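User: Can you walk me through this one? I'd like to start with the copies.
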There are 2 protein chains.
Amino acid sequence: MNPIVPRQFHGIAWLLALALSLPLLAHAAEPLASWNDGPSKKNIIEFVQAVTDQTSKDFVKPEERIAVFDNDGTLWSEQPMYFEVLFSMEEIKRLAPQHPEWKTTQPFQAVLENDHKALAASGMEGILKIVGATHTGMTTEAFDDYARTWLTQARHPKTGKPYTEMIFQPMLEILDYLRSQGFKTYIVSGGDTGFMRAFADKVYGIPPEQVIGTTFVTAFSINDGKASILRTPKLAHNDDGPGKPESIDAVIGRRPILAFGNSDGDLQMLQWTAAGPGKRFMGLVHHTDATREWAYDRQSQIGRLDKALDEANKRGWTVVDMASEWRRIYPYDDATPKQVQ
Amino acid sequence: MNPIVPRQFHGIAWLLALALSLPLLAHAAEPLASWNDGPSKKNIIEFVQAVTDQTSKDFVKPEERIAVFDNDGTLWSEQPMYFEVLFSMEEIKRLAPQHPEWKTTQPFQAVLENDHKALAASGMEGILKIVGATHTGMTTEAFDDYARTWLTQARHPKTGKPYTEMIFQPMLEILDYLRSQGFKTYIVSGGDTGFMRAFADKVYGIPPEQVIGTTFVTAFSINDGKASILRTPKLAHNDDGPGKPESIDAVIGRRPILAFGNSDGDLQMLQWTAAGPGKRFMGLVHHTDATREWAYDRQSQIGRLDKALDEANKRGWTVVDMASEWRRIYPYDDATPKQVQ
């Protein structure tokens, strides 16, 4: 017995220690309930245990536990088209009365006439025009309002659900699990930063300062004593491919120890994460479930997973087989019966 | 007595509550020891108490307690020249053997010959050439190494101290006080983000992801299997004047409720902070102490404080009179006797 601490304090100290550790124990019980006991769940838990165990050679200090997640196709669905592009197309229709010239100008005419063939023919240049027309030329506060209004009212053409309900329950559990273990979770995605901030805090528990995405140049001004920040049409940063490690370095200034993506646009982010010292986790969501979600990879125009899949297989990164490893896709789904081991 | 909780648990609950509140009590005792009891200390404490008191109409949720600080002239000194420019000039000398052409090319020749007149004549364009030559063309990791090495070895021409010791003790106490009250403290400064990250965590307790500054375009690449991020000479964002609210909006995505600066380059950041709803704190450090630091404002080339001083006086922002309100400037100074009230 410790002679310095009187006997009656031992019981109290023990109770105090117990009280302080209860929240952690509660989480440790079943951190990833919607995951079958497959290789991905095992890899994630082993990684987290290794880097959070103070006695492990792989221990990482809490402030360096940076985890980055792509959004489209990694945290929510992205079919039949990136949800933000669907937002842009519906915004074109909403704004059309103020732009009579759009009736006869591509790619706007194609959107207004639901002419998917003409829209596809306009290519990436066309998409950028639609995004530019709906994402810029207003203050950052006004854009936030537009995005929030749409997210509340719009419904997905296939499921009929609000887009913010088409998020992946198993990935929400990973976010929660990581945060309970001292990780800071970030979104690093090709989506517009302002668009993602309109829902990331409420839906993923990721606050605005941890959302990194594509940005436009802005302009601060004061008119009649009123301060505002205008979104201009000039692209500041394209947060896709090599743009992801670049923005991670610029905004976070630390190299992540865990990265999760689902497409070739995430390859460089995973490579950058993998190239650091010590234990690392690189994961890809593989869309293999045509029944409950969508099945696509190497040939898809949206979320193509080809080079990154080769690299993952070559390097032993974790590839999540959605069909067999996820007991539930969306929070509103019923869970499938737990696998018999 | 509560019939649900047995008597013996009451004492334990009380001890637990006490143990959990001790760190806060310790801080509340004397939060700003190096400040005289002048108007600035009073304004800061009244503001913090109002926004952290759950029963106050001015209460602000912890996640929205964003505080932003300029660096040069606000958290550390900036005379006789911004310390980062002094770093650049010394780097030019270090790198000169690899650049024989600098001997006969301005503004490099001026730096190598200590010709301050020719250097001044090269103007802002000259400064940018010197900064470009010393801040770009290397990986972000290599630049971090150069900055850390210089900060360790270099000494200030007047005080003979390392630059990282010429930080303002009263401002360190504000940073600590705010953090103890649930604030998140950011640097938002015209300095290069990478340069400031090389010391901000250790010196100010501000981690890399809370350092916002001027940035250059970077380029991710993989050569021979090695991933790197190269700093290119193209300016991505000039974090001065209107660039400050723009970067706050882009990186943080929340409007600060407290902002501290010292020069006209901070005016728009203070205006943006002031323009939000609810209670706000806008502060300026006024360099009025020619004996212990430097005295300068409207006529200074470095850290000019002219328009922002007029605006502060007009709007009732807090202007810190360094000479009378600070008992101590640098951590290594002796404190002056406490004012008699």
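Analyst: Copies are superposed by least squares on the C-alpha atoms of residues with pLDDT of at least 70 in both. This is a predicted model: local features need pLDDT of at least 70, side-chain atom pairs count only at pLDDT 80 or more, and totals for chains, interfaces and linings use all residues. Residues are numbered from 1 along each chain as its sequence is written, with chains lettered from A and ligands numbered from 1 in the order written.

User: What rotation superposes chain B on chain A?
Analyst: One of 180°, with 0.0 Å of shift along its axis and an RMSD of 0.0 Å. The two copies are thus related as by a two-fold rotation axis.

User: Next topic. How is chain A divided into domains?
Analyst: Domain 1 of chain A is 32-80 + 166-325, and domain 2 of chain A is 83-153. The bounds come from an automatic or database domain assignment. Their centres, taken over C-alpha atoms, are 26 Å apart.

User: How many residues does the contact take from each?
Analyst: 15 from domain 1 of chain A and 14 from domain 2 of chain A. Contact means C-beta atoms, placed from the backbone, within 7 Å.

User: Which element gives the largest share of the domain 1 side?
Analyst: Strand 4 of chain A, with six residues. Strand 4 spans 226-237. Strands (E, at least two residues) and helices (H or I, at least four) are DSSP runs, numbered from the N terminus.

User: And how does helix 7 of chain A pass helix 9 of chain A?
Analyst: In a right-handed crossing, meaning the near helix is turned clockwise from the far one by less than a right angle. Among the contact residues are A:Phe143 of helix 7 and A:Phe199 of helix 9.

Notes
Contact = placed C-beta atoms within 7 Å.
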